[in-house]
Amino acid sequence: MLHDIRQLIISSRPISWVNTAYPFVAGYLVATHQLTLTTVIGGLYFLIPYNLMMYGINDVFDYESDLRNPRKGGIEGALLSRHLHRVTIISSIALSVPFIVYLLLQGSLVSKLVLIYVVFMVLAYSMPVLRFKERPFLDSFTSSTHFVGPLVYALVLTGWHTKYWPYVLAFFAWGMASHAFGAVQDIIADREAKIASIGTVLGAHKTVIFAAGMYLVSSVLLATRGPSGLAVACLGLLYSANVLRFWQVTDKTAEQAHDGWRTFLWLNQLSGFVITVILILYFRNA
């Protein structure tokens, strides 16, 4: 049983938990300057249940292709034993429902619709028939929604303002770039498994250029938002530079991009630190 529980935890990608909980909590605190029960419950939902549903269901329905992918079996994705597939689906839904019910009782009709949309996009990415992850460009759009969604939900829940648009769009461009670049390293495995993606359609070189361009778009949007925005924009340029190291990669050498993906994970730590410092200074001066 302990082994099975460990597999479920690995499937939820603990290294990525903060990537979805942080945007919700940060957005909620920036908008309200208050730590409420909804902040805590929403933060907990987007920390673990949300990630188990997103990644766990993906691991179940991608099992056959993951067997061909050398990256799977660690922090970048679990290889769930077949007997855990049903348990994973049931657990992810059962763990999420109480949180979703509470959150649906909060806020306006629009905030409820946003939450429903975010959860739908999580399910649509991997589940049979829908399988947005196999629809090129929609795959990157959906993946970005997974991370931007919690932020948008928090901002709508607390009262949306037009001033949020540049930050949300910048984050969304960053998310699409990150997914696209991540798809490069899987081109060979995806083609062997007959899975379509933005990487398999554009090819390695063009996907790298697309990712670098989207990171640049993100930086440009943020650079106009004052000193803090400029600081974060510089981080975006680091992501773009990291991706462009692989601009000569071909479909046959696509797996070399994995080195860039490992750097991407470290850049996320640096970005999280810088953004946290900026937020701390913002609250001190508020």
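# Exercises on an all-helix chain

Asp-251 is partly exposed, with a relative accessible area of 27% (buried means under 20%, exposed over 50%, and partly exposed in between, with a 1.4 Å probe and protein chains only). The model is predicted, so local features need pLDDT of at least 70 and side-chain atom pairs count only at pLDDT 80 or more, while totals for chains, interfaces and linings use all residues. Residues are numbered from 1 along each chain as its sequence is written, and side-chain values use heavy atoms, with hydrogens and water left out.

**Exercise 1.** Find the salt-bridge partner of Asp-251 and state what the pair ties together.

*Solution.* 
- Step 1. A salt bridge is a side-chain nitrogen of Lys or Arg within 4 Å of a carboxyl oxygen of Asp or Glu. Arg-191 meets Asp-251 in this way, with an N to O distance of 2.8 Å.
- Step 2. Asp-251 sits in the loop between helix H13 (226–244) and H14, and Arg-191 in helix H10 (residues 187–192), so the pair links parts 60 residues apart in sequence. Helices (H or I, at least four residues) and strands (E, at least two) are DSSP runs, numbered from the N terminus.
- Step 3. Arg-191 is also partly exposed, at 38% relative accessibility.

**Exercise 2.** Count the salt bridges in the whole structure, and describe the one formed by Arg-13.

*Solution.* 
- Step 1. The search finds three salt bridges.
- Step 2. Arg-13 pairs with Asp-59, the closest N and O atoms being 2.8 Å apart. Arg-13 belongs to the loop between helix H1 (2–11) and helix H2 (17–32), and Asp-59 to helix H4, so parts 46 residues apart in sequence are tied together.
- Step 3. Arg-13 and Asp-59 are both buried.
- Step 4. Another salt bridge joins Glu-134 and Arg-131, at 2.8 Å from N to O. Glu-134 is partly exposed at 27%, whereas Arg-131 is buried at 12%.

**Exercise 3.** Describe the surroundings of Ser-218.

*Solution.* 
- Step 1. Ser-218 lies in helix H12 (residues 204–223) and is buried, at 6% relative accessibility.
- Step 2. Leaving out residues up to four places away in sequence, Ser-218 touches Ala-170, Ala-173 and Trp-174 (contact means heavy atoms within 4.5 Å).
- Step 3. Ala-170 is 48 residues away along the chain, yet its C-alpha atom is 4.2 Å from that of Ser-218.

**Exercise 4.** Summarise the secondary structure and overall dimensions of the protein chain.

*Solution.* 
- Step 1. The chain has 14 helices and zero strands. Its radius of gyration is 19 Å, close to the 19 Å of the globule rule for 286 residues, so the chain is as compact as a globular protein of that length. The radius is taken over C-alpha atoms, and the rule is 2.2 Å times the number of residues to the power 0.38.
- Step 2. Along the principal axes, the C-alpha atoms fill a box of roughly 50 × 45 × 30 Å.
- Step 3. Of the 286 residues, 50% count as buried.
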